[in-house]
Amino acid sequence: ARVSGLLHPLLGLISGLAMAGVLLFGGRMVMAGTISTGDFVAFLLYLAMLTWPMIALGWVVNLFQRGAASMRRINTILDTPAGPVQTGTGRASSPRGGIEFRNVSFRFPGADRDALHDISFTLTAGERLGVVGATGSGKSALVSLIPRIHDVTSGEILLDGQPIREIPLELLRAAIGMVPQDSFLFSETIRENLAFGIDEMEDSDRRIIAAARVAQLDQTIRELPNGYDTLLGERGVNLSGGQKQRATLARAIARAPRILIIDDGLSAVDTHTESDILRGLREVVQNRTSIIVSHRVSAVIDVDQILVLGDGRILEQGTHGELLSLNGTYASLLRRQILEQEVKGGEKLAHSGDDVLV
């Protein structure tokens with residue numbers, strides 16, 4: 001901006017100095033009889049005629065440079081691999097939801113260290129897994145490997161005993177409903193946003209409304225001027241952060257996936273609403289494999305298995321009661337959350353023995 005602001009005044013200054021120089025030296029040469037008055041006038045006109053073409057030549061060079069920079073960016077996108085590589089034909093049957101990580105390590109492209117290191121756990125079909133840990137501990141990286149948003153650097157991930165690389169990508173992702181950290185909504189109606197990914201069927205509206213009720217969004221939608229037919233702005237700009245997260249959750253639930261992944265998808269929701277949503281999810285995830293990533297311990301208290309991550313490694317693993325008895329990282333996170341709730345004056349977490357109630 002600074003250079004651009006100086007450019008136009010500088011061009012005017014140079015043009016003015018050139019004209020002043022011609023008048024000064026050319027006028028002296030005319031007075032001395034070195035050149036004629038006609039030569040001086042002709043030179044002055046030539047200078048005026050050449051000023052704009054020379055400036056325009058600079059603009060053209062600038063356009064070429066901008067175009068070259070843009071083309072490099074476009075080529076970077078075009079040269080990016082189309083997506084995960086499928087190494088086998090795989091099977092055509094629908095996945096049941098059993099997940100196994102075998103010594104999985106993962107490093108983001110261009111990074112100098114692993115985001116995940118030697119991760120191993122088994123989740124049978126229908127079980128619920130909670131993943132907690134500090135920011136940057138590798139929680140999101142772990143769940144991104146299941147739908148193959150990224151591929152593992154080493155190790156292996158199996159779905160129902162089969163490596164996910166051998167499962168057709170369309171079949172794999174059709175079995176997964178994922179609620180990402182960053183909620184994305186289309187500039188369409190709420191109904192169309194929630195129905196995204198659902199095959200055309202007669203009971204689609206019933207499934208959408210049922211999912212919105214679980215996400216504690218149905219009443220909010222009905223209070224809007226056009227209800228479910230309300231048109232959303234770009235990226236759902238006319239909804240709050242918590243409402244966008246709940247809409248993304250409802251969209252994932254409405255698809256009735258075999259595997260439900262919630263990647264800190266309730267971070268913008270208050271604790272009261274989160275508690276209501278989690279109660280509704282207990283019925284939804286019955287007989288479905290579910291993975292809940294959260295920075296709030298209260299979101300994973302009643303799951304079948306909990307992973308505590310730190311610096312890309314599994315620090316602790318077990319049920320809520322087992323982890324409390326260890327009095328380690330998990331217990332420390334719980335105590336910190338209890339303290340934060342007390343400081344904020346909100347609803348406290350009371351724990352007795354192995355049970356923690358919100």
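This is a predicted model: local features need pLDDT of at least 70, side-chain atom pairs count only at pLDDT 80 or more; totals for chains, interfaces and linings use all residues.
Helices and strands here are DSSP runs, numbered from the N terminus. With that naming, Asp160 falls in the loop between β4 (154–159) and β5 (162–163). The largest nonpolar core has 45 residues, and α8 gives the most to it, with six residues.

**Helix pair α1 and α2**

- Helix α1 (residues 2–32) packs against helix α2 (residues 37–78) at an angle of about 165 degrees, and their axes are 11 Å apart.
- That angle makes α1 roughly antiparallel to α2, because anything over 145 degrees counts that way.
- The crossing of α1 past α2 is right-handed.
- On the α1 side, the contact involves Leu7, His8, Leu11, Ser15, Ala18, Met19, Val22, Leu23, Gly26, Gly27 and Val30. On the α2 side, look for Thr37, Phe40, Phe43, Leu44, Leu47, Thr51, Ile55 and Trp59.
- Sorted by class, the residues of this α1 and α2 contact come out as 13 nonpolar, six polar and no charged.

**Helix pair α6 and α8**

- Helix α6 (residues 204–214) and helix α8 (residues 241–254) have axes that come within 8 Å and cross at roughly 135 degrees.
- That makes α6 oblique to α8.
- α6 passes α8 in a right-handed crossing.
- Arg207, Ala211, Ala212 and Val214 are the α6 residues in the contact, and they meet Ala250, Ile253 and Ala254 of α8.
- The class count for α6 with α8 is six nonpolar, no polar and one charged.

**Helix pair α8 and α9**

- α8 also packs with α9, at an angle of about 5 degrees and with the axes 13 Å apart.
- The two helices, α8 and α9, are therefore roughly parallel to each other.
- From α8, Arg246, Leu249 and Ile253 meet Thr273, Ile277, Leu281 and Val284 in α9.
- This α8 and α9 contact splits into five nonpolar, one polar and one charged residues.

**Nonpolar cores**

- Within the largest core, the residues with the most contacts are Leu194, Leu249, Leu281, Val300, Ile306 and Tyr330.
- At least two residues of this core come from each of α5 (190–194), α6, α8, β7 (259–263), α9 (271–284), β9 (305–310), α10 (320–326) and α11 (329–344).

- Gln243 sits in helix α8. Gln243 counts as buried because its relative accessibility is 18%, and the cut-off for buried is under 20%.
- Not counting residues up to four places away in sequence, Gln243 touches Leu217 and Thr220.
- Ala247 is in helix α8 too, and Ala247 is buried, with a relative accessible area of 5%.
- Leaving aside neighbours within four places in sequence, Ala247 is in contact with Leu185, Leu194 and Leu217.
- For a sense of distance, Ala247 and Ser15 are 60 Å apart in space, C-alpha to C-alpha, and 232 residues apart in sequence.

**Loop residues and backbone angles**

- Asp160 has a phi near 55 degrees, a positive value in a residue other than glycine. Asp160 is buried, with a relative accessible area of 15%.
- Ala256, in the loop between α8 and β7, is not a glycine but has a positive phi of about 50 degrees. With a relative accessible area of 35%, Ala256 is partly exposed.
- Asp182 belongs to the loop between β6 (176–179) and α5. Asp182 is exposed, at 62% relative accessible area.
- Asp182 and Asp264 are 82 residues apart in sequence, while their C-alpha atoms are 9.2 Å apart in space.

Conventions. Residues are numbered from 1 along each chain as its sequence is written. Side-chain values use heavy atoms; hydrogens and water are left out. Axes are lines fitted to C-alpha atoms, for helices over the stretch in contact, and angles run from 0 to 180 degrees between N-to-C directions. Helices (H or I, at least four residues) and strands (E, at least two) are DSSP runs, numbered from the N terminus. Angles under 35 degrees count as roughly parallel, over 145 as roughly antiparallel, 65 to 115 as roughly perpendicular and the rest as oblique. A crossing is left-handed if the near helix is turned anticlockwise from the far one by less than a right angle, and right-handed if clockwise. Contact means heavy atoms within 4.5 Å. Ala, Val, Leu, Ile, Met, Phe, Trp, Tyr, Cys and Pro count as nonpolar, Asp, Glu, Lys and Arg as charged, and the others, Gly among them, as polar. A nonpolar core is a set of buried Ala, Val, Leu, Ile, Met, Phe, Trp, Tyr and Cys residues joined through side-chain atoms within 4.5 Å. Buried means under 20% relative accessible area, exposed over 50%, partly exposed in between (1.4 Å probe, protein chains only).
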